[in-house]
Number of protein chains: 2
Amino acid sequence: MSPSRVRPGHQRGFIIPVGGAEDKTAASRILKRFVSLCGGRHAAICVVPTASALADTGARYERVFHDLGVGRVTVADIATRADAGAERVLAALEGATGIFLTGGSQLRLSTILGGTVAAQAIRRANAAGVHVAGTSAGAGFVSDHMIAFGKEGGSPGHGMVTLAPGLGLTNRIVVDQHFRQRDRLGRLLTAIGYNPFLVGIGLDEDTAAFIGPDDVLEVVGSGAITIVDGGSLEFSSMASAHEGKPVCLTNIVVHVLIDGGSYDPHRRKADPGAAARRRESA
Amino acid sequence: MSPSRVRPGHQRGFIIPVGGAEDKTAASRILKRFVSLCGGRHAAICVVPTASALADTGARYERVFHDLGVGRVTVADIATRADAGAERVLAALEGATGIFLTGGSQLRLSTILGGTVAAQAIRRANAAGVHVAGTSAGAGFVSDHMIAFGKEGGSPGHGMVTLAPGLGLTNRIVVDQHFRQRDRLGRLLTAIGYNPFLVGIGLDEDTAAFIGPDDVLEVVGSGAITIVDGGSLEFSSMASAHEGKPVCLTNIVVHVLIDGGSYDPHRRKADPGAAARRRESA
């Protein structure tokens with residue numbers, strides 16, 4: 001799915017994939033930044049708990065956002081494809097300044113929301129300036145190409161990752177979550193090996209990429225973001241690789257960025273950020 | 001990859017995925033129609049043999065198009081990522097009224113062309129009105145979501161198909177080739193099961209989908225095209241399925257169309273075409 005068209009004179013909202021297990025207390029850097037972007041106590045945040053099979057996920061995040069001082073919190077309870085066209089669900093999304101996709105299974109998101117009126121409403125809202133955050137499974141779903149599932153490990157390999165179409169708020173990036181915690185560099189390298197036009201974004205837990213309307217990504221949180229850029233890849237043996245056999249990839253550019261760092265996918269440039277530089281020169 | 005932007009007042013060229021093993025003689029309905037679209041003897045066709053590991057594939061199609069009366073045929077010999085930025089390759093693409101991607105391996109296309117200047121040139125050419133055809137692997141590559149590889153069989157299943165980003169001339173469709181000959185309904189259903197926003201296009205051999213600037217697809221050739229439309233899918237168990245186990249998908253709409261039939265993805269309507277209707281009423 002291509003991103004919805006942004007109308008002249010408008011800017012799309014931020015897209016904020018979060019690596020999972022984010023701090024949900026008053027000390028939370030990620031959720032507080034999200035809430036602030038959305039208008040603070042004037043914010044209207046709609047929680048979409050579709051990825052989760054647990055009945056109380058929506059209510060849990062409702063409390064979290066209330067406790068962070070958000071004025072209006074709604075829950076779009078979408079557990080089936082029929083729900084995704086229901087009036088009450090579209091009403092919950094209507095007027096939101098921020099939309100939050102919870103964790104769970106990203107294939108629940110794509111199988112339940114794919115091609116529905118609710119998915120279209122979220123895509124159009126983002127193009128009209130509404131900020132969309134997603135954690136864990138919700139993070140994987142925001143992009144056009146989504147990691148559906150895969151294997152653990154640091155090295156790429158034929159068949160290590162299965163991609164599926166996601167929500168498509170943005171293109172070109174492919175997001176992985178719980179990155180360091182679940183040893184997922186191999187599957188992200190595999191995705192980039194399949195088609196090097198992709199830029200891989202590996203998000204550690206409690207770490208978010210705040211992707212602005214200019215597509216520049218800023219790191220917020222306690223972990224790191226691993227950027228895997230295939231733009232200057234010289235050789236990939238992925239086309240002739242066999243199941244379980246090692247593959248060859250040359251000249252992939254990797255950046256590991258921490259809080260305050262940023263990456264510009266158009267210029268393909270990483271910036272460590274003022275804080276990291278200060279620590280270096282101290 | 002999203003399709004390149006079509007400038008106001010312009011129309012994108014046709015996108016023509018072919019199911020492989022197309023007739024290459026003077027009797028060929030598919031290649032003759034492609035040549036005619038591209039300007040007949042005034043056509044300038046550029047052959048891109050990247051999918052093939054055989055050295056003579058480009059020369060072979062060069063002869064085929066010469067024999068069909070094409071005025072100018074060039075070959076963009078791209079066997080490595082370095083080739084994909086070479087001056088001689090961009091010169092071969094320059095001025096083409098039609099571009100033809102040969103068969104072979106679609107992962108060779110995505111790993112060698114993905115994110116390169118040559119890929120960008122083809123995408124921009126199509127947006128500016130140049131017709132792009134691809135057979136077999138070349139057919140799979142034209143879309144944003146490409147079937148990289150998968151298993152044979154009629155039933156869908158977890159892990160039956162691996163998707164990768166393709167060239168992205170068009171979005172929303174996913175193309176499979178040698179469809180009836182290699183028993184591929186299962187893997188196409190699996191792809192649609194992952195995200196029902198996709199429309200699956202299963203192309204038999206010697207059968208092509210001529211996709212016009214309005215996205216309407218017309219069938220040309222001796223076999224059939226199987227359209228798998230997930231738009232009204234009610235339930236998919238793909239999110240909870242396990243490797244090798246059966247999955248549940250309800251309310252998928254399937255059309256099997258033959259020469260002269262058409263499908264409009266915006267209205268989600270199939271039309272058997274005048275010839276099929278005439279045969280019925282005879």
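This is a predicted model: local features need pLDDT of at least 70, side-chain atom pairs count only at pLDDT 80 or more; totals for chains, interfaces and linings use all residues.
Residues are numbered from 1 along each chain as its sequence is written, chains are lettered from A in the order in which they are written, and side-chain values use heavy atoms, leaving out hydrogens and water.

Start at β10(B), residues 207-211; strands here are DSSP runs (E, at least two residues), and helices are H or I runs of at least four, numbered from the N terminus. In β10(B), 5 of 5 residues are buried, meaning under 20% relative accessible area with a 1.4 Å probe, protein chains only. In a regular strand, side chains alternate between the two faces of the sheet. Here B:Thr207, B:Ala209 and B:Ile211 point one way, B:Ala208 and B:Phe210 the other.

β10(B) pairs antiparallel with β1(B) over 2 bridges (pairing takes at least two DSSP bridges), and B:Val18 sits opposite B:Ala208. β10(B) also pairs antiparallel with β11(B), over 5 bridges, with B:Ile211 partnering B:Leu217. In that hairpin, with 5 residues between the strands, B:Asp215 takes a positive phi near 75°.

Now the interface. Chains A and B bury about 3,000 Å² between them, 60% of it on carbon and sulfur atoms; that's accessible area (1.4 Å probe) lost on being put together, summed over both. On chain A's side, the elements giving two or more residues include α4, β6 and β7, and β7(A) gives the largest share, 5 residues.

Notes: Buried means under 20% relative accessible area, exposed over 50%, partly exposed in between (1.4 Å probe, protein chains only). Buried area is the accessible area (1.4 Å probe) that two parts lose on being put together, summed over both.
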